[in-house]
Amino acid sequence: MSLTPSSEALWFEHADVEARTAHAFEQNRFQDDRTLDDLLEHVADLHGKPIHVDAIDDTDWETLTALWVDFPHEAQILYRSTDTRLYQMHCILHELAHIVLRHPGCNVLGDDSSLASYRGTNGLVRGRLLETGGSEDLDDADGDRRILEGEAEHLAHLLSRSLLRPRFREDEEVFG
Amino acid sequence: MQALALIALVILAVVFVARIPAAVSQPSSRLSWLASGVGSLALLTRVHPGLDRFIGGENYINLAQNLLATTAFWLVMRAALLQSRSTPRFWTRKLILVAMLVSFAVPFLFITDKERTSKTFITEHITQTSTWLYASIYMTAILAISTMLLLGLRRRQARSYGFFVAGSSLVILACIDEIVVLALDHFEVTDLGFRILLRNAFDFLFYCGVILIVTGIASFTLQKAMREARLGRHARRLRRLATRLAVMPPTNGSRGTRDESAIAIVYDLVIALRDFENAHRGRLTAADARHVAEAEAIVMEQLPSPATTKAWTR
């Protein structure tokens, strides 16, 4: 096993981030949503425009795992078709979290050529970009972006709790 | 048939004791838990009629048994029906239970010469109209409750409900059989051999039905315990792996997530380990990757109808 100790955490963590995301989760009653479709519909309502979710086959997406492109009349979430289903779901939740938290677009998305086409549109772009942990990478990382990404990641984990329940939970609560 | 009643009693008593923690922590599980307790008492009076001497020795044990059995069936039915928004709530009203209990307790009080405790009390007194009404109304009450239970479970998807459906179907058949045999005995129609055959059929159908319903309740408890054990095992394994790779999920130890369920812990660890790989911070060995994939598969199993998630099936 080749091992690179990840001395730097992938996601920004702070008590304020937890508090803000927990507040957003409770305020919007996301605990009532049972499926990803429910969550999508809920977030689209909050955002005031439809959200389209599509898989993408682009091999240039190496450390970028999902992308939210916000157009004036609709939003699009792209995720990698090559990832496992659960990881895809989490990446979608991360982008939904950005929308819920009303995060702005982001210009620092690495040099992936595939992104140029999205930047060229009239949409705002924000992506779930993983930092490799190298010193250059970390030096380049803009502090605000790390905070916003940390918030979205934390809220994505909270959103997952709405879906992560036994399939027959109500039945189990009565008879289990 | 005493053996079947004894088996049902043992299973019910085990389920009652095993579900005490669930009943304490989960209010919605109390009805069915109480049903297993009341059902155990009902079966205890069936396998140990000698208890009659503590309540006067005039076969009041038979009445107690039927009152307890009706209550137990009604509690199971109420637990199952209250969960469904689509089923009518009429039968789940407490007044309905009281009306049922009173409707057969009253004719019992009119049965004469019921001194000696007997396992065949009903057969011995069936010529009396009060006895016939008492036993027939009791059977009709169980028939109605079981039918409501069966109808209430129509759209349920959990496999454990298969036991409930099979069990309540057998109980319904048993009740119909007993109502017929009570009428035949009371009016002394057909030969005795045929009636004995029908009586024996009742015991077999009824207790097998009860055992199946209790097995259904137990299977929910068992499935939950097995799933938690599997998730706990995966959580421990992934935690060891994450510690070795210095990977930490963002929610690890954060406020509000300290009392996480095992499934949430496994989810966070899987995502953190996948991020670790995707960020090119390191690679998992084949064995480690297999562990992560297995854990991921278990989490996937629990997601609500992933196949119907429109956004995610392309």
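**Close-up 1. Cysteines A:C91 and B:C175 in the predicted model.** With a relative accessible area of 1%, A:C91 is buried. In this predicted model, B:C175 takes part in no disulfide, since the nearest cysteine sulfur, which belongs to B:C208, is 14 Å away. B:C175 is buried as well, its relative accessible area being 0%.

**Close-up 2. Strands β2 and β4 of chain A.** Strand β2 (residues 64-70) of chain A runs antiparallel to β4(A), and five bridges join the two. Within this pairing, A:W68 of chain A stands opposite A:R126, a residue in β4(A). Strand β4 spans residues 124-129 of chain A, and because five of its six residues are buried, the strand is largely enclosed by the rest of the structure.

**Close-up 3. The salt bridge between A:D83 and A:R80.** Side chains of opposite charge can pair when their charged atoms come close. Here A:D83 forms a salt bridge with A:R80, and the closest N and O atoms are 2.8 Å apart. A:D83 has a relative accessibility of 13%, and because buried means under 20%, this residue counts as buried. A:R80 likewise counts as buried, at 5% relative accessibility. Over all chains, the count of salt bridges comes to 18.

Close-up 4. The side chains of A:R161 and B:D268 meet in a salt bridge, with an N to O distance of 2.5 Å. A:R161 lies in helix α6 (residues 143-163) of chain A, whereas B:D268 lies in helix α10 (residues 262-278) of chain B, so the pair joins two chains. Both A:R161 and B:D268 are buried.

Close-up 5. The side chains of B:D185 and B:R195 meet in a salt bridge, at 3.0 Å from N to O. Because B:D185 belongs to helix α8 (residues 161-186) of chain B and B:R195 to helix α9 (residues 192-244) of chain B, the pair ties together parts that are ten residues apart in sequence. B:D185 counts as buried at 5% relative accessibility, and B:R195 is buried too, with a relative accessible area of 10%.

**Close-up 6. A network of salt bridges.** A network of salt bridges links A:E172, B:R227 and B:E228.

Note on methods: Residues are numbered from 1 along each chain as its sequence is written. Chains are lettered from A and ligands numbered from 1 in the order in which they are written. This is a predicted model: local features need pLDDT of at least 70, side-chain atom pairs count only at pLDDT 80 or more; totals for chains, interfaces and linings use all residues. Side-chain values use heavy atoms; hydrogens and water are left out. Buried means under 20% relative accessible area, exposed over 50%, partly exposed in between (1.4 Å probe, protein chains only). Helices (H or I, at least four residues) and strands (E, at least two) are DSSP runs, numbered from the N terminus. Two strands pair if DSSP finds at least two bridges between them. A salt bridge is a side-chain nitrogen of Lys or Arg within 4 Å of a carboxyl oxygen of Asp or Glu. A disulfide is a pair of cysteine sulfur atoms within 2.5 Å.
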